[in-house]
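Welcome, and thanks for taking a look at this model with us.

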Amino acid sequence: MTTNNWAAFEKAQPEFAAAVRARFAQFPHHVLATLRKDGSPRVAGLNVDFRGGELWLGMMPGSLKAKDLQRDPRFALHTNPGEGETMPDGDVRISGRAVEVVDPPELHRYAEETESPHPFHLFHADLTEVVHIGVEGDDLVVRSWTPARGVRTLRRGNDDEPPREDPPGGGGPSGEQPGGQPAS
């Protein structure tokens, strides 16, 4: 469907994508950020679905977040942080552009597969960035992926030192170079 859909990310970074998907699977509700008519942010709860190589965003008919995405498709999606303060599997954010599905047979097929009540708005995500933040030892580790750059890993300690960047192929969860190429 889209050039930078979930399947493209999964193909480029299978281990990174699996970790991100597992983090989303921990809780059913997450937080979607959209842009209002006046450009100010709106945040709202949302369930997401990973199915058929796509990250799906489904919404009630006429919802304000759906209207926001119809007007300006840019979004940010943040995983539910869960209970407590530890977040042992880190924090995940996905940014992109929402592409609305308007084809009736495709909407019907999705509704049948997911048992979603009609009517509804359905969007799939064209990814622009995926970020996973976690703690490894004494470091805060920020791993990010973009379609153009691939994976970049920054490590920051709890001191005044500037962040350190892992060399390409050395810091990603799958040992891949940016763009999904195996490390040499």
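Leaving aside its neighbours within four places in sequence, which residues is Thr 146 in contact with?

## Thr 146 and its contacts

The partners of Thr 146 are Thr 128 and Glu 129, once neighbours within four places in sequence are left aside; contact here means heavy atoms within 4.5 Å. Thr 146 itself belongs to strand S8, which runs over 139-146. Helices (H or I, at least four residues) and strands (E, at least two) are DSSP runs, numbered from the N terminus.

Thr 146 has a relative accessible area of 14% and is therefore buried. The scale works like this: buried is under 20% relative accessible area, exposed is over 50%, and partly exposed is in between, with a 1.4 Å probe and protein chains only. The side chain of Thr 146 also reaches the backbone nitrogen of Arg 149, at 3.0 Å.

## What kind of model this is

This is a predicted model, in which local features need pLDDT of at least 70 and side-chain atom pairs count only at pLDDT 80 or more, while totals for chains, interfaces and linings use all residues. Residues are numbered from 1 along each chain as its sequence is written, and side-chain values use heavy atoms, with hydrogens and water left out.

## Two helices with a buried side

Let's turn to helix H3, residues 64-71, where the buried residues are Lys 65, Ala 66, Asp 68 and Leu 69. They sit on the same side of H3 because they cover an arc of only 155 degrees around the axis, the arc being that of the directions from the helix axis to the C-beta atoms. The cover over these residues includes strands S1 (30-35), S2 (41-46), S4 (54-59), S5 (74-78), S6 (91-100) and S7 (121-136).

Helix H4 (104-114) has Glu 106, Leu 107, Tyr 110 and Ala 111 as its buried residues. Seen down the axis of H4, these fall within an arc of 135 degrees, so they line one face of the helix. That buried set packs against S3, S4 and S7. On the face of H4 turned away from the buried side, you will find the exposed residues Pro 104, Pro 105 and Glu 112.

## Loops worth a look

The loop between H4 and S7 holds Glu 115. Its phi is near 60 degrees, a positive value in a residue other than glycine. Glu 115 has a relative accessible area of 71%, and so is exposed. Pro 119 is also placed in the loop between H4 and S7, and a cis peptide bond joins His 118 and Pro 119, with omega about -15 degrees.

Another proline, Pro 73, is found in the loop between H3 and S5. Not counting residues up to four places away in sequence, Pro 73 touches Gly 96, Arg 97 and Ala 98. From C-alpha to C-alpha, Pro 73 and Arg 51 are 20 Å apart in space, and 22 residues separate them in sequence.

## A buried aspartate

Asp 166 lies in the segment after strand S10 (164-165). Asp 166 counts as buried because its relative accessibility is 16%. Its side chain makes a polar contact with the side chain of Arg 155, at 2.9 Å. A polar contact is a pair of N or O atoms within 3.5 Å; within protein, one must be able to donate a hydrogen and the other to accept it, and residues adjacent in sequence count only if both atoms are side-chain atoms.

How much space lies in the largest pocket? The answer is about 270 Å³. Of the 15 residues that line the largest pocket, the closest to its centre are Gly 58, Met 59, Tyr 110, Ser 116 and Phe 120. A pocket is an open set of points on a 1 Å grid over the protein atoms alone, where a 1.4 Å probe fits, with protein on both sides within 12 Å along at least five of seven lines; lining residues have an atom within 4 Å of a point. Grid points are joined across faces, edges and corners, and a volume is the space filled by probe spheres set on the points. S4 supplies the largest share of this pocket's lining, four residues.

The second largest pocket has about 190 Å³ of space. Among its 13 lining residues, Ala 19, Asp 89, His 132, Glu 136 and Arg 143 are the closest to the centre. Helix H2 (14-25), S7 and S8 each supply at least two residues of that lining.
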